[in-house]
Amino acid sequence: HSFGEWTVTKEATCTEEGAKERVCECGEKETEVIPALGHDFVNGECSRCEETLTSKFEDVQVPSWYHEGVDFVVSRGYMLGTTETRFDPNLKTSRAMVVTTLYRMAGSPEVTATHAFTDVKVGSYYEKAVAWGARNGIVTGKSADSFAPNDLVTRQELVTFLYRFANYKGVDTTSRYDSLAAFVDADTLSAYAVQPMKWAVGTGLIK
């Protein structure tokens, strides 16, 4: 056969195969499949079809106030879904989840340090993150030998972890503070969290 040039008969999309064909001088046709292009995610959104990384999560609605945040952390691998199709945005967050997220934000560095926490399971998804966080002063235990990985993280614990992580990353945490006088429950803050909370409010990380 003496085939001519290929002609696209169906354009491939991000998720669907395309097709092309070429014709011989004798009229015989040859066809080939064009593989699906796959999504080209940039900042959580495909530049070709405008689908977002979180479109696969049936429980994340595009108009939601947290949608862009979910796109951000999922696109960078900082957080994952609880299943292939669920993100569970309203799931309460544990101390183990937070330190694991920060560990991934740090690039999941190699961990050689050990820890003294007897309640951190060997081989758990958070084991390396806890060892890394404790070694770098980002997280502390509830006691000398207990990290309490499954305890729900409080707002004051969260901002303290973020504050310490910012310092670990070399961020200047001394220039932006805000008074907590407007909050009637500010006096219930633990002493360790006062400065981190002032910083978090001043930088707009928490309201």
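Author: There are eight salt bridges in total, counting a side-chain nitrogen of Lys or Arg within 4 Å of a carboxyl oxygen of Asp or Glu. This is a predicted model, where local features need pLDDT of at least 70 and side-chain atom pairs count only at pLDDT 80 or more, while totals for chains, interfaces and linings use all residues. Residues are numbered from 1 along each chain as its sequence is written, and side-chain values use heavy atoms, leaving out hydrogens and water.

Let's begin with R86, which bridges to E58 with the closest N and O atoms 3.6 Å apart. This pair joins distant parts of the chain, 28 residues apart: R86 is in the loop between α1 (67–75) and α2, and E58 is in the loop between β5 (45–46) and α1. (Helices, H or I with at least four residues, and strands, E with at least two, are DSSP runs numbered from the N terminus.) R86 is partly exposed at 31% relative accessible area, whereas E58 is exposed at 53%; buried means under 20%, exposed over 50% and partly exposed in between, with a 1.4 Å probe and protein chains only. Both residues belong to a salt-bridge network that also includes D59 and D88.

Elsewhere, K142 and D151 form a salt bridge with their closest N and O atoms 3.1 Å apart. K142 is partly exposed at 45%, and D151 is partly exposed at 34%. K29 meets E21 at 3.9 Å, N to O, and K29 is exposed at 52%.

Charged groups also meet rings here. The charged end of R95 sits over the ring of F147, 4.5 Å from its centre, and K20 lies over the face of W6 at 4.8 Å; the rule asks for NZ of Lys or CZ of Arg within 6 Å of the ring centre and within 35 degrees of the ring normal.

Now for the rings themselves: the whole structure holds ten aromatic pairs. One of them is W65 with Y66, edge-to-face at 5.4 Å centre to centre and 85 degrees between the planes. (Rings of Phe, Tyr and Trp, the last by its six-membered ring, pair if their centres lie within 6.5 Å; planes under 30 degrees apart are stacked, over 60 edge-to-face, the rest tilted.) W65 is exposed at 80%, but Y66 is buried at 18%.

Y103 and W132 are tilted, because their planes meet at 55 degrees, with centres 5.6 Å apart. Since Y103 is in helix α2 (residues 95–105) and W132 in helix α3 (residues 127–135), this pair ties together parts 29 residues apart in sequence. Y103 is buried at 9%, as is W132 at 4%, and together with F165 and Y168 they make one aromatic cluster.
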